[in-house]
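Colleague: I would like to learn how to read a few features of a model, one at a time. Could you give the general idea for each and then show me the case here?

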Amino acid sequence: MMSLFDGIVLGLTTALSWINLIYCFVGVLIGTVTGVLPGIGAITAISMLFPLTYHLDTIPALIMLAGIWYGSTFGGAITSILLNMPGTPANAVTCLDGHPMAKEGRPGVALFLAIFGSFSGGCIGIVLIMTLSPGIAEFGLKFSAFEYFALITLGLVAATVISQGSAIKGLAMVMMGIAFGTVGMDVYTGGFRFNFGLLELAEGISLVPLAMGIFGMAELMYTAGRSDARPKIDGKFSMRQMLPERHEFRKLGLPILRGSAIGSFLGALPGAGPAIAAYMAYAVEVRVAKNPERFGKGAPEGIIAPEAANNAADQTAFIPTLTLGIPGSPTMALMLAALLVAGIAPGPSLISDEPELFWGLIMSFWIGSIFLVILNLPLISVWVKLLSVPYPYLAPAILMFLCIGTYSVSNAPFDLWLMFGFGLMGYVMRVLGFPAAPMLLGFVLGPLMEEHFRRAMLIARGDPMVFLERPMSATILGLTALLLVMTAVSTLRRLARRKAARDEVAQ
Amino acid sequence: MKRDIKDLAGGLLLLAFGVFWAGYAITHYNLGSMRRMGPGMFPAGIGILIALMGIALIVTSALKTDAMPDIRPAAALRVLATVPAFALAMYYLGLIPAIGTIVLIAWGAEDRFRPLAIVALWAALSILAYTIFNLGLGLPMPAFRWRF
């Protein structure tokens, strides 16, 4: 086993190579752009650039995709503060105090606080990945097919029921994803499944048209025809105007630490993620404040704590993905898929088998965070200008990247037809209130789930009770069942309450 | 009787998909046994679960009402239409005309017809795409071709 120091040295030599520096910069740049523009999230941008993983080396490709992910949360705060419109869902809470502070004539200070909080939270998250991952991976080496099946099930269920909206719809979408994941060659028998005689489907549905269809296309279709004029903003900030006053500075340490701790913890859990982390961090700040009535009117802690939390969560989300091969969110599922495209088996042996990739990627997060501070502080006016680009120009540009990206995967129109189909499906789903994210998670994890399940059944001679006889898998499955029961109870209670309310109105 | 139309429609779609998926798996692929599962077992199970979710949604849709969202299907279909248009133009005419079809079709969903802005956007996007994909990544996508 490599020491932490060796890892850091190897990681830095990898991440500081020219090519990796360039891709890291490109990643955080695109991340900032997608973060700033409301409506395009990290997942759309990552699925748009995912085809590049087929043409690039694995390490620069992953460094870039990761940069988009944490860069978008970083940049999204700008839109929250200036427009009172979240740049990404993770920045929604930042509107609460960021926008009032901007309206009070201190937009520069609000932006500075967001950037400072984001950077600090990100740094704490990276330190945690570096110190915790090797241990978790070693623990994960003891897992067998039973534990893996249980963990994947827990991850899928948690990711679905914790997020807002109907749990039935979320679970249904996970299963739809798993169903689409079964298309193509069956690994055990070599027979084709659900390819309907099409040779193009023999290898399965490819991830790119599916992700671009249900995210990019569906989103563009849903927003089409609504390009109402966005509010105008005054876009001139000098560095001087951005610095908070000294007495404010001193009070920022604890909110940053609290936010980062909440974010780091929730980021590593399946399903929670940066948006919930930011919300929790804000709630905690209001709870511990001496005079909570300051919140909602431009309290500095209300900006810095959620921004520290969502950026810390962005980083720690990599822990389960890189150490166990089990992503907790759809974005991490795309990272996992990028590894699979490169022929790298994700799992507990990733760190020891591919130390250059693991440490290089982690160390690139430091470099990317520094790039982000440089990109955001002196260049803030550029991003503010970007917010005034009219939507009629933006929509064709995004569509072009979606089409060329999909076409480029196999240089054939077939994937475009798939994207067409999934775009239509994604739009209908969106109109009917079905979430798209669980479907992508199910699609990536479904094949792994089936493989572990079938292997487990082979080992157990077809006796499913073995899942409950092994303490680890029994505990994990028990947790999953508990989550499901809790969700079912709360759903039924909500329905009963609504029905009661309606009956009252009817009388 | 009042119902949540969105959930009812969604539930019916799920039920149809689940029944189809499970039925296709059972009739076309070997199910095997629990001990040695065939290729059909897992998809059949998933299909049945999807159908059950559909039924759950249909049942609960009777307990609540929800407004249909404000949708603009005409503009949405216009955006969707850029994909087959791009596919055909790419195959017969090459990259730059294909970008032109996207700009032309998608613009109409948002703003009134402004020829100068459309041409400028087409030119800018063509240069961008050609630089990134052909020069930068070396993808074999000819800028122009004639395949009739």
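**Charged pairs**

Modeller: Asp7(B) has a relative accessibility of 2%, so this residue counts as buried. Keep in mind that the model is predicted.

Colleague: What does Asp7(B) form a salt bridge with?

Modeller: The general idea first: side chains of opposite charge can pair when their charged atoms come close. Here Asp7(B) pairs with Lys169(A), and the closest N and O atoms are 2.6 Å apart.

Colleague: Is Lys169(A) buried or exposed?

Modeller: Lys169(A) is buried, with a relative accessible area of 5%. The cut-off for that word is under 20%.

Colleague: Take a pair within chain A. What are the partners, and where do they lie?

Modeller: Arg258(A) forms a salt bridge with Glu285(A), with 2.8 Å between the closest N and O atoms. Arg258(A) belongs to helix H12 (residues 253–268) of chain A and Glu285(A) to helix H13 (residues 273–288) of chain A, so this pair ties together parts 27 residues apart in sequence. As for accessibility, Arg258(A) is partly exposed at 27%, whereas Glu285(A) is buried at 3%.

Colleague: How many residues apart are Glu451(A) and Arg455(A)?

Modeller: Those two are four residues apart, about one turn of the helix, and both lie in helix H22 of chain A.

**The interface**

Colleague: Now the interface. What area is buried between chain A and chain B?

Modeller: The size of an interface is often given as the accessible area lost when the parts come together. Between chain A and chain B that area is about 6400 Å², and carbon and sulfur atoms give 79% of it. Chain A puts 69 residues into the contact, and chain B puts in 69 residues.

Colleague: How many residue pairs are in polar contact between the chains?

Modeller: Four residue pairs are in polar contact between chain A and chain B, counting pairs with both residues at pLDDT 80 or more. On the side of chain A that touches chain B, the elements giving two or more residues include helix H8 (167–181), helix H9 (207–223), helix H21 (414–431) and helix H24 (471–506). H20(A) gives the most, with twelve residues. The residues of that side divide into 48 nonpolar, eleven polar and ten charged.

Colleague: How is chain B divided?

Modeller: Chain B has domain 1 (5–61) and domain 2 (73–136). Their centres, taken over C-alpha atoms, are 39 Å apart.

**Backbone angles**

Colleague: What should I look for in phi?

Modeller: Most residues other than glycine have a negative phi. Phe196(A) is not a glycine, yet its phi is positive, at about 50°. Phe196(A) sits in the loop between E2 and H9 of chain A and counts as partly exposed, at 43% relative accessibility.

Colleague: And Arg461(A): what is its phi, and where is the residue found?

Modeller: Arg461(A) has a positive phi near 55°. Its place is the loop between H22 and helix H23 (466–469) of chain A. With 59% relative accessibility, Arg461(A) counts as exposed, the cut-off being over 50%.

**One residue and its contacts**

Colleague: One last exercise. Which residues does Ser264(A) touch?

Modeller: Leaving out residues up to four places away in sequence, Ser264(A) touches Ile124(A), Gly125(A), Leu128(A), Ala312(A), Ala313(A) and Thr316(A). Ser264(A) lies in helix H12 of chain A.

Colleague: Is Ser264(A) buried or exposed?

Modeller: Ser264(A) counts as buried, because its relative accessibility is 7% and the word applies under 20%.

How values were computed
Residues numbered from 1 in each chain as written. Chains lettered and ligands numbered in written order. Predicted model: local features only at pLDDT ≥ 70, side-chain atom pairs only at ≥ 80, totals over all residues. Heavy atoms only, no water. Contact = heavy atoms within 4.5 Å. Buried area = accessible area lost by both parts, 1.4 Å probe. Salt bridge = Lys/Arg side-chain N within 4 Å of Asp/Glu carboxyl O. Polar contact = N/O pair within 3.5 Å; in protein donor to acceptor, adjacent residues only side chain to side chain. Nonpolar A, V, L, I, M, F, W, Y, C, P; charged D, E, K, R; others polar. Domains from an automatic or database assignment. Buried < 20%, exposed > 50% of the residue type's maximum accessible area, 1.4 Å probe, protein only.
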